[in-house]
Amino acid sequence: MGITLDGFTTRRIGVSDGIELTAAVGGEGPAIVLLHGFPQTHLMWRHVAPVLAENHTVVCPDLRGYGASSKPDAVTEDTYSKRAMAADVVGLADALGLDRFALVGHDRGAHVAFRAGLDHPHRISHLGILDILPTLDMWNVLHGVGAAVGFHLYLMAQPPGLPERMIAAGADTFFGHFLDVWSAGSDAVPADVRAEYLRACAAAVPSIVADYRATATIDIEHDRADLDAGHRLTMPVTVVQQDWGAQLGFDAAATWRPWATDLRHVTTRAGHFMAEERPEDIAALILELVKR
């Protein structure tokens with residue numbers, strides 16, 4: 001990969017049997033782990049991570065199935081469950097000697113971070129969530145023609161075969177579509193970074209689809225079991241979202257409130273790629289979070 005994070009060292013680290021995550025590591029101090037979204041890699045943190053690294057150890061991995069990390073075949077529905085991917089993050093922290101750490105995720109990484117907060121509350125000191133709803137609530141708010149904004153969720157929920165072939169047949173068009181329509185500004189993702197995102201996604205179509213398919217299957221089961229059992233996120237949580245509620249007819253803050261005991265909910269005018277569009281704002285919100 002030609003693009004790197006300034007001041008960071010890129011390492012490939014074993015996190016469990018057969019799974020290695022490629023991560024950029026930099027800085028010193030209390031640890032913050034940053035998880036990327038779709039259709040991106042850890043490069044989405046290129047502006048935010050150096051700011052945080054002035055006073056923190058910052059770790060930016062490519063998720064399982066993305067970028068330069070391992071892409072195991074989805075031999076079971078659990079292979080790309082958010083539970084398995086959250087365990088990867090904890091394994092990464094173990095390998096780096098990080099006992100407790102703040103965890104911030106965007107989009108797909110936010111779903112992984114959410115699951116890590118529920119499964120490993122003793123390891124996660126603070127939790128930051130950028131632009132998602134919990135899986136159960138996400139599916140519940142999509143209805144009618146408004147659900148068209150999430151057409152990719154339904155496509156990649158289909159049984160193995162069709163979505164992989166359709167996406168692979170026009171990978172740059174498919175993944176590039178989201179980079180175009182989800183951004184509030186044309187300069188958020190420069191040409192070299194865009195090219196790297198498209199290259200990485202085209203090389204990972206089966207694993208990306210498997211990740212999304214899990215969100216329509218086993219991830220729902222895991223979230224419902226936690227909700228029914230009364231499990232909550234007990235660490236300080238900051239959620240930053242676009243105003244999807246106004247567009248789709250729900251109260252985002254109220255939707256998040258049952259899941260977290262210490263919640264700050266922030267609505268932003270930035271587009272979905274907020275860490276690239278408004279990195280100063282996102283870095284400031286993360287630094288405020290870890291002081292709570």
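**Note on the predicted model: overall form and aromatic pairs**

1. The protein has 292 residues, for which a compact globule would have a radius of gyration near 19 Å; the 17 Å found here agrees with that. The radius is taken over C-alpha atoms, and the globule rule is 2.2 Å times the number of residues to the power 0.38.

2. This is a predicted model, in which local features need pLDDT of at least 70 and side-chain atom pairs count only at pLDDT 80 or more, while totals for chains, interfaces and linings use all residues. Residues are numbered from 1 along each chain as its sequence is written, and side-chain values use heavy atoms, with hydrogens and water left out.

3. Of the 292 residues, 60% count as buried (buried: under 20% relative accessible area; exposed: over 50%; partly exposed: in between; 1.4 Å probe, protein chains only).

4. The whole structure holds 13 aromatic pairs (rings of Phe, Tyr and Trp, the last by its six-membered ring, with centres within 6.5 Å; planes under 30 degrees apart are stacked, over 60 edge-to-face, the rest tilted). F38 and W182 are edge-to-face, because their ring centres lie 6.1 Å apart and their planes meet at 65 degrees. These two residues are 144 residues apart in the chain. F38 is buried at 0% relative accessibility, and W182 is buried at 14%.

5. F151 and F178 form a stacked pair, with 5.7 Å between centres and 15 degrees between planes. F151 is partly exposed at 36% relative accessible area, whereas F178 is buried at 1%.

6. Ring pairs join F38, F151, F174, F175, F178, W182, Y212 and F273 into a cluster.

Methods. Helices (H or I, at least four residues) and strands (E, at least two) are DSSP runs, numbered from the N terminus.
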